[in-house]
Amino acid sequence: MLLFMAENSATSAAGSAASRAVSTADRGGADGNPRLGRDATLITVAPTGAEADKAATPALPVTLDELVTTAKECEAAGAAVIHVHIRDADARPTLDLGRLRATVGALRESTGLLVQLSTGGAVTDSLDDRLAVLDAGPDACSLTCGTVNFGDEVFANPWPFIRRLYARTQELGVVPEFELFDLGHVATLHRLLDDLGAPAGGRVHCDLVMGVPGGMPGDVAALVAAVAALPAGATWSATGIGRTTLPVMLAAVAAGGHLRVGMEDTLSFARGRAVSGNAELVERAAQLARLAQRPPMSPAGARPFLGIPAR
Ligand code: KMH
Ligand code: ZN
């Protein structure tokens, strides 16, 4: 994700009569706790991303040790899921499979967090390398439902790739989180579910990624429109990039959604004050969740909520 501030207007209408394939109409129902997800807030931390520069932001976790340390702090602060991008020895984004496998293993050994690998990677990554991420054996993965202008770049997600990636998650039993940068992506999510059926685990959980220049704006009106267009029974988180972080977080909590926070999405804690680390972003989200009487969901609670089996 990038840290721009500019915003665009939302585009196409979305949401057909699709998604009949979604198995569980009411989230949390299948695990015997129908209120799960209404009484608790899923907090995902996205600690690194592919865009921020370690030299300019020393607090960015880029080594495996730094990532594991951040992960432990964020779990203690209330995160249940970690959305992972990794870096190479020079702190550049990489999709090296050996490093990804080692990262999944280390996070599992040191934390209870559910490990969601990014299949978005960096805008320069090939589609084949992004598909191969699933072979690292994560609990979950991100799956972006369409191409989007990404500042001066393009984050490419052509329909045949989306379909292939989704089919592979079903084959491998990796639970996808549908990343939606625009209303058109919601339409593609409906098409995907209609075409290939329910995801591994049977739950449809989405993340609205708002405020990317080229995608939907990070404001209340766009959030309400996107949520209204989601498949029936889908659950959702939201994240606002850069200065949209706070409005999107407040709107998401007010609308009964879940939260993603982290240095992938913002490097600024407040006006003129840089983020000191991922944990303080998670702590702020957890405080808000408690204030809203929907305290942070534990990793153990997040498993049935997302349809991820126990390890
Ligand atoms: N780094 C962006 C180009 C994802 O992780 O799935 C894509 C991204 C989305 O961050
Ligand atoms: Zn990402």
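Is E264 buried or exposed? With a relative accessibility of 2%, E264 counts as buried, where buried means under 20% relative accessible area, exposed over 50% and partly exposed in between (1.4 Å probe, protein chains only). Welcome to this predicted model, in which local features need pLDDT of at least 70, side-chain atom pairs count only at pLDDT 80 or more, and totals for chains, interfaces and linings use all residues. Residues are numbered from 1 along each chain as its sequence is written, chains are lettered from A and ligands numbered from 1 in the order in which they are written, and side-chain values use heavy atoms, with hydrogens and water left out.

**The chain as a whole**

- The chain holds nine helices and 14 strands; helices (H or I, at least four residues) and strands (E, at least two) are DSSP runs, numbered from the N terminus.
- Of the 311 residues in the chain, 59% are buried.
- Among contacts (heavy atoms within 4.5 Å) between residues at least 6 apart in sequence, 75% join residues at least 24 apart.

**The zinc ion**

- H83 (NE2), H85 (NE2) and E264 (OE) coordinate the zinc ion (ligand 2) at 2.1 Å; donors are N, O and S atoms within 2.8 Å of the metal (3.2 Å for Na, K and Ca), and water is not among the atoms, so sites may look incomplete.
- Along the chain, the donors of the zinc ion follow the spacing H-x1-H-x178-E.
- H85 sits in the loop between β2 (81–84) and β3 (86–87), and E264 in the loop between β12 (258–261) and β13 (268–270), so this pair ties together parts that are 179 residues apart in sequence.
- H85 counts as buried because its relative accessibility is 10%.

**Ligand 1**

- Around ligand 1 there are 14 residues, and the closest are E51, S118, G121, S142 and E264; a residue is near a molecule if one of its heavy atoms lies within 4 Å of it.
- This shell divides into five nonpolar, seven polar and two charged residues; Ala, Val, Leu, Ile, Met, Phe, Trp, Tyr, Cys and Pro count as nonpolar, Asp, Glu, Lys and Arg as charged, and the others, Gly among them, as polar.
- An N or O atom in the side chain of E51 is 2.8 Å from a nitrogen atom of ligand 1.
- H83 has a polar side-chain atom 3.0 Å from an oxygen atom of ligand 1, and H85 also has a polar side-chain atom 3.0 Å from an oxygen atom of ligand 1.
- On its own, ligand 1 has 300 Å² of accessible area, and the protein covers 100% of it.

**Helix α7**

- In helix α7 (residues 245–254), the buried residues are T245, V248, M249, A251, A252 and V253.
- These buried residues pack against β10 (205–210), α6 (220–229), β11 (235–240), β12 and α8 (278–291).
- After α7 comes G256, with a positive phi near 85 degrees.

**A residue to look up: V175**

- V175 is found in strand β9 (residues 175–180) and counts as buried at 5% relative accessibility.
- V175 and C141 are 34 residues apart in sequence, yet 6.3 Å apart in space, C-alpha to C-alpha.
- Leaving aside neighbours within four places in sequence, V175 is in contact with several residues, including D139, A200 and L306.

Technical notes: A polar contact is a pair of N or O atoms within 3.5 Å; within protein, one must be able to donate a hydrogen and the other to accept it, and residues adjacent in sequence count only if both atoms are side-chain atoms. Accessible areas come from the Shrake-Rupley method with a 1.4 Å probe; for residues, only the protein chains shown count as cover.
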